[in-house]
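Morning, everyone. Here is the model I want to walk through today. Have a look at the screen.

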Amino acid sequence: MVPIEHALLIADAFDQAQVTELRHSVAACARTAGLRDERLDDFVLAVNELITNAVRHGGGQGWLRLWEEPGLVLCEVADHGQGISTQDLDNRSRPAPETAGGWGLWLARELTDAMDVDTGPAGTTVRIITATTPAEQHVGRHRSRE
């Protein structure tokens, strides 16, 4: 749940038809919140991977919330899919170049400062966080609701 005192920028349901428009809205809002250059591009690409995953693997639709906190831009993408296996969540290695799928979570983790995954049989929620100024290191976390 997004606390009320934070600046909510976007709260929208989406399906395949809204992916491109939503990506453009995320880019505009993240820029307004203070992300620039490569950090902005990386964040928008990470969000795009998450919304694409929700459409492909999470039941064809999802819910996106984007908000800012002092010095941070945060995005949460939720779906109602079957969840992500512990094995897939625990795999931190880069997918092989010839691999057609499996890049979304890896990219989102690599391109942001922190990522948290809450997953189970009722769906998955992924939260990514990027600081408006570069962080010292990237941190990735996850938990399972199984």
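Start with F43. Set aside its neighbours within four places in sequence. F43 is then in contact with V26, A30, L35, L66, V73, L74, C75, L111, T112, I128 and T130. One caution before I go on: this is a predicted model.

Now the core. Which residues touch the most other members of the largest nonpolar core? They are F43, L64 and I128, in a core of 35 residues. As background, nonpolar side chains in soluble globular proteins tend to be buried together.

Step back to the whole chain. The protein has four helices and seven strands. From the N terminus on, the order is β-α-α-β-β-α-α-β-β-β-β. Of the 146 residues in the protein, 44% are buried. Next, contacts with a separation of 6 or more. Residues 24 or more positions apart account for 65% of those.

Back to α2, and a quick check on its length. The helix has 21 residues; at 1.5 Å a residue, they should span 30 Å. The end C-alpha atoms of α2 are 30 Å apart, so the two values agree.

Look at the two ends of that stretch. D37 is placed in helix α2. Its phi is positive, about 50°, although D37 is not a glycine. Is D37 buried or exposed? Exposed: D37 has a relative accessible area of 64%, and the cut-off for exposed is over 50%. After α2 comes G59. The phi of G59 is positive too, near 95°.

Next, the partners of α2. Take α1 first. The helices α1 and α2 pack at an angle of about 150°, with their axes 10 Å apart. That angle makes α1 roughly antiparallel to α2, because the cut-off is over 145 degrees. In passing α2, α1 makes a right-handed crossing. On the α1 side, the contact is made by V19, L22, R23, V26, A27, A30 and R31. On the α2 side, we have L40, F43, V44, V47, N48, I51, T52 and V55.

Now α4. The axes of α2 and α4 come within 9 Å, and they cross at roughly 155°. These two helices are therefore roughly antiparallel to each other as well. The crossing of α2 and α4 is left-handed. From α2, the contact uses D42, F43, L45, A46, E49, L50 and N53. From α4, it uses G104, L105, L107, A108 and L111. Note F43 in that list: F43 is also in the contact between α1 and α2.

How many residues of α4 are buried? Seven of the eight, so α4 is largely enclosed by the rest of the structure. The buried ones are G104, L105, W106, L107, A108, R109 and L111.

W106 has 12% relative accessibility, so it counts as buried; the cut-off is under 20%. Along the chain, W106 and N91 are 15 residues apart. Their C-alpha atoms are separated by 8.7 Å.

That's the tour. Over to you for questions.

How values were computed:
Residues are numbered from 1 along each chain as its sequence is written. This is a predicted model: local features need pLDDT of at least 70, side-chain atom pairs count only at pLDDT 80 or more; totals for chains, interfaces and linings use all residues. Side-chain values use heavy atoms; hydrogens and water are left out. A nonpolar core is a set of buried Ala, Val, Leu, Ile, Met, Phe, Trp, Tyr and Cys residues joined through side-chain atoms within 4.5 Å. Buried means under 20% relative accessible area, exposed over 50%, partly exposed in between (1.4 Å probe, protein chains only). Contact means heavy atoms within 4.5 Å. The expected span of a helix is 1.5 Å times one less than its number of residues. Axes are lines fitted to C-alpha atoms, for helices over the stretch in contact, and angles run from 0 to 180 degrees between N-to-C directions. Angles under 35 degrees count as roughly parallel, over 145 as roughly antiparallel, 65 to 115 as roughly perpendicular and the rest as oblique. A crossing is left-handed if the near helix is turned anticlockwise from the far one by less than a right angle, and right-handed if clockwise.
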